[in-house]
Amino acid sequence: MKATTHAPALIALAVAAVLGTGTVNATTTSGIQADEQQCQRERASRSNRPQELYPESTRTAPTERASQRMGGQLNKLGTALDKEDNAQVRQIADEVIANARANNYDKAYAAQLAANAAYNDDDLAAAKTYLVQAVELDALDNNAHFQSMMMLAQLQAQDEEYEQALATLDRYLEGSQSSKADDLALKGQILVQAGRPQDAIPVLRQAIDAAETPNMGWTQALMAAYLDTENTAEATRLAEQIAAASPGDKRSQLNLASMHIQADNSAEAIAIMERLRAEGQLTEDREYRNLFALHLNTEGGEPKAIEVINEGLEKGVLEGNHQTYLALGQAYYFSEQVAPAIDAYQKAAPLAENGETYLNLARILFNEDRIPEAKQAAQQALDKGVRNPDEARKLLAR
């Protein structure tokens, strides 16, 4: 199943509907025996009923059940589902849905199973169409009806149909009267994805408060909502809360560092990332890159930037590209270490898309009275192209 960046996890579609298609045998029992058998059947029926998932629902569950005339088709449908024959499930379901003799329950049940089959085949458009049919027929029991509605909302959100998803979800919440933390969190996450962070914040807070153990994704969604509303203080507070609860989780620590960066608290961000570096937890190119950039943007941070870059290169974590060597050259140069700065520029210049780095190298070499090397760098700058070729030509003419 394909998944999206901010798309919520999908729940499985419940398909355990009970079909009343068994045969009835005539018996010649006395009235007392018949009454006793009826009581036994009622007790058995009550014990076999699935748990009511929506006890607060305002919807009166329909009493219509599977029709006898469609019993054979529905049994075939169930068999195909058991065999995971998705194509057969959809074919039979389509026949039931199109049959004028089928009642609404027959059609809704068939549509629900067809949605499951389409989902399993990654045909999400068809799954949504079937789910709309199952919901609009309004013939399934509360469990199946509301679970179909929930799955429809999730698929709509996955396809970035956020307003449709929210409309479906609001209909679900109103009819089911669900106050489950998972359901509220889903609405909050969709609101964030729909670009409505201000609306998402109270819903996500309600979901988090209602859960014994809130999902980390909910808190991250709330954090994103606070950032989108420029409430950096609350976003940072949440990030600190998550990081404190998971001190060994690198991602939580990096998220907190990111919050500090957005809040212009570079010192705090550097402290977190340097601790991770000391623990050997920086294992990706972008992590080293972010850290040396923080040092370069800090007064007097060039020596630490040099240390971070060289360590990343030695470990093979940091890619030795133009950007890396240029940053290293600048860090050496502004910390008055000219020789290693020249060496870094000489590595960076051939990797650049244009001749600007060669031109900077030529300037440094001229300042060090390394004239032949400076002229060679100036010519290379012209060969690769620079914004101000006259400067390179003047260097060549000296």
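Helix axes are lines fitted to C-alpha atoms over the stretch in contact, and the angle between two of them runs from 0 to 180 degrees between N-to-C directions. In this predicted model, helix 4 (residues 104-120) and helix 5 (residues 124-137) pack at an angle of about 160°, with axes 8 Å apart.

**Overall content and confidence**

The chain has 398 residues, of which 43% are buried. Its secondary structure consists of 20 helices and zero strands. Among contacts with a separation of 6 or more, 56% are between residues 24 or more positions apart.

The average pLDDT of the chain is 88, and 88% of the residues score at least 70. Residues 1-47 have a pLDDT below 50, and this stretch makes 48 contacts in the model beyond near neighbours in sequence.

| Pair | Residues | Axis separation | Angle |
|---|---|---|---|
| Helix 4 / helix 5 | 104-120 / 124-137 | 8 Å | about 160° |
| Helix 12 / helix 13 | 250-262 / 266-278 | within 7 Å | roughly 160° |

Angles over 145 degrees count as roughly antiparallel. Helix 4 and helix 5 are therefore roughly antiparallel to each other, and their crossing is left-handed. On the helix 4 side, the residues that meet helix 5 include Ala108, Ala111, Ala115 and Tyr119. Their counterparts in helix 5 include Ala127, Tyr130, Leu131 and Ala134.

Helix 12 passes helix 13 in a left-handed crossing.

**Nonpolar cores**

The largest nonpolar core has 82 residues, and the members that touch the most others are Leu169, Tyr172 and Ile190. Beyond its neighbours within four places in sequence, Leu169 is in contact with Met150, Ala153, Asp183, Leu186, Lys187 and Ile190. A second, separate core contains 35 residues, including Ala66, Ala80, Val89 and Leu113.

Note on methods
Residues numbered from 1 in each chain as written. Predicted model: local features only at pLDDT ≥ 70, side-chain atom pairs only at ≥ 80, totals over all residues. Heavy atoms only, no water. Core = buried A, V, L, I, M, F, W, Y, C linked by side-chain atoms within 4.5 Å. Buried < 20%, exposed > 50% of the residue type's maximum accessible area, 1.4 Å probe, protein only. Contact = heavy atoms within 4.5 Å. pLDDT = per-residue confidence, 0-100. Helix = DSSP H or I, 4+ residues; strand = E, 2+ residues; numbered from the N terminus. Parallel < 35°, antiparallel > 145°, perpendicular 65-115°, else oblique. Left-handed = near helix turned anticlockwise from the far one by under 90°.
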